[in-house]
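Let's take a friendly walk through a protein model together.

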Amino acid sequence: MDKKLIIRYIMLVLGVSIMSLGIALSLKSTLGTPPISCIPAVLAVAFPFSVGEFTILFNALLVLFQIALLKKITVSQIAQMLVCILFGYMIDFNLLVFDFINPPDYLSQWILLIISCLVLAFGLVIEVKSDITMLPGDGAVVAIGEVLNKDWGKVKPFFDIAIVIMGIVLALIFIGHLEGVREGTIFAAISVGFIIQFYNKIFGHKIDAYLEDQ
């Protein structure tokens, strides 16, 4: 295994770990998680399993969805499954580490949510720049785009909306009120993409240049 590939794998693990921290902080804000985590967050409130465990289960279902949609199993799908296991357990680990964080008021909740979006976006940039694999949610968007012959950017918003609607329905059915998916979910869905664009302008090219030099 050459040096560049090792660096890319390290970046993948680092990026996913940072993303899991962003999700954990959003959960601690109690204003709702980003779309891809809202269903596990809702189910974790309704049933005696952790957010990380439901994250692994939900992402495994997204991998199976890709297989059914594309009618084939790929190396990327297997890699996605391995990454989502890391992602799920790292969410639980970060929730344990930051268990002491409990925002006392609505303003503090929003500050924590904004920090979580900044952290999540940073992790996403690192993960994408690794160019090894992706999380199953993004893999599902790619698969849908391939079947419909649509760009990733055009499919992603509709995918996120569908996930949020499912989260709302599950929350109302199993909890009786909105929890895990709230106003913060919408904020994260809108803001994270813009934050990623900002990060890419600031240091994205530096990461690309560094990888090229290896």
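Before we start, one term: a pocket here is an open set of grid points where a 1.4 Å probe fits, with protein on both sides within 12 Å along at least five of seven lines. Keep in mind, too, that this is a predicted model.

With that term in hand, look for the largest pocket, which holds about 880 Å³ of space. Its lining consists of 35 residues, and Asp138, Trp152, Lys156, Asp160 and Ile196 are the ones nearest its centre. Which elements give two or more residues to this lining? They are α1, α2, α5, α6, α7 and α8. The top contributor is α8, with 8 residues. Sorted by class, the lining of the largest pocket contains 24 nonpolar, 5 polar and 6 charged residues.

In soluble globular proteins, nonpolar side chains tend to be buried together. In this model, the largest nonpolar core has 46 residues, and those touching the most other members are Leu27, Phe87, Ile91, Phe159, Val192 and Ile207. At least two residues of this core come from each of α1 (3-29), α2 (35-46), α3 (51-70), α4 (75-97), α5 (106-130), α6 (136-148), α7 (152-174) and α8 (183-213). Among these helices, α1 gives the most, with 8 residues. Apart from this core there is another one, of 5 residues, including Leu25, Ile101, Leu112 and Val119.

Leaving aside residues up to four places away in sequence, Phe159 touches Ile36, Leu62, Gly137, Ala140, Val141 and Ile144.

Now see how two helices meet. Two packed helices are described by the angle between their axes and the distance between the axes. For α1 and α8, the axes come within 9 Å and cross at roughly 145°. On the α1 side, Lys4, Ile7, Arg8 and Met11 make the contact, while α8 brings Ile207, Tyr210, Leu211 and Glu212. These residues divide into 5 nonpolar, no polar and 3 charged. You have met Ile207 already, as one of the core residues that touch the most other members.

Finally, visit two loops. Thr30 sits in the loop between α1 and α2, and its phi is near 60°, a positive value in a residue other than glycine. Is Thr30 buried, exposed or partly exposed? With a relative accessible area of 42%, Thr30 is partly exposed. Lys71, in the loop between α3 and α4, also is not a glycine and has a positive phi of about 60°. Lys71 counts as exposed because its relative accessibility is 72%, and exposed means over 50%.

Conventions: Residues numbered from 1 in each chain as written. Predicted model: local features only at pLDDT ≥ 70, side-chain atom pairs only at ≥ 80, totals over all residues. Heavy atoms only, no water. Core = buried A, V, L, I, M, F, W, Y, C linked by side-chain atoms within 4.5 Å. Buried < 20%, exposed > 50% of the residue type's maximum accessible area, 1.4 Å probe, protein only. Helix = DSSP H or I, 4+ residues; strand = E, 2+ residues; numbered from the N terminus. Contact = heavy atoms within 4.5 Å. Axes fitted to C-alpha atoms, helices over the stretch in contact; angles between N-to-C directions. Nonpolar A, V, L, I, M, F, W, Y, C, P; charged D, E, K, R; others polar. 1 Å grid on protein atoms, 1.4 Å probe; cavity = no way out; pocket = protein on both sides within 12 Å on 5 of 7 lines; lining within 4 Å. Points joined across faces, edges and corners; volume = space filled by probe spheres on them.
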